[in-house]
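Take a look at the model below.

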Amino acid sequence: MTETPEIAQKSPYGVDVEVGKSYFWCACGRSKTQPFCDGSHKGTGLSPVKFTAEASKKVFFCGCKHSLKAPMCDGTHNRL
Ligand code: FES
């Protein structure tokens, strides 16, 4: 069974990513190292989403875990 993700925070996390580097976005909301996976999804049926940076820049990872464009924020947090 897949659980509903927890809302880690109702706003995105701005992160400076590095070109070519991969990041694992926490999809379950339970990670203690937001916005990234720390393995806490075990047993929830949810798994992290891999993001590979195409440029070195600041990106906004979804913190509410309800974005339809995960792992990026799409503004859904404003409607929760
Ligand atoms: S933080 Fe989730 S959509 Fe913005």
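Contact here means heavy atoms within 4.5 Å. This is a predicted model, where local features need pLDDT of at least 70, side-chain atom pairs count only at pLDDT 80 or more, and totals for chains, interfaces and linings use all residues. Residues are numbered from 1 along each chain as its sequence is written, and side-chain values use heavy atoms, with hydrogens and water left out.

Start at Tyr13. Tyr13 sits in strand S1 (residues 13-17); strands are DSSP runs of E, at least two residues long, numbered from the N terminus. Setting aside neighbours within four places in sequence, Tyr13 has contacts that include Pro35, Phe60 and Phe61. Its relative accessible area is 17%, so Tyr13 is buried (under 20% relative accessible area, 1.4 Å probe, protein chains only).

Now follow the rings. Rings of Phe, Tyr and Trp (its six-membered ring) pair if their centres lie within 6.5 Å; planes over 60 degrees apart count as edge-to-face, under 30 as stacked and the rest as tilted. The count is five aromatic pairs. In one of them, Phe36 and Phe61 have ring centres 5.3 Å apart and planes at 75 degrees, so the pair is edge-to-face. Phe36 lies in the loop between strand S2 (22-25) and strand S3 (49-52), and Phe61 in strand S4 (residues 57-61), so the pair ties together parts 25 residues apart in sequence.

Phe61 has 0% relative accessibility, so it counts as buried. Its ring also pairs with that of Phe51: the centres are 5.3 Å apart and the planes at 85 degrees, so this pair is edge-to-face. Phe51 is in strand S3 and Phe61 in strand S4, 10 residues apart. Tyr23, Phe36, Phe51 and Phe61 form one aromatic cluster.

Methods
Helix = DSSP H or I, 4+ residues; strand = E, 2+ residues; numbered from the N terminus. Buried < 20%, exposed > 50% of the residue type's maximum accessible area, 1.4 Å probe, protein only.
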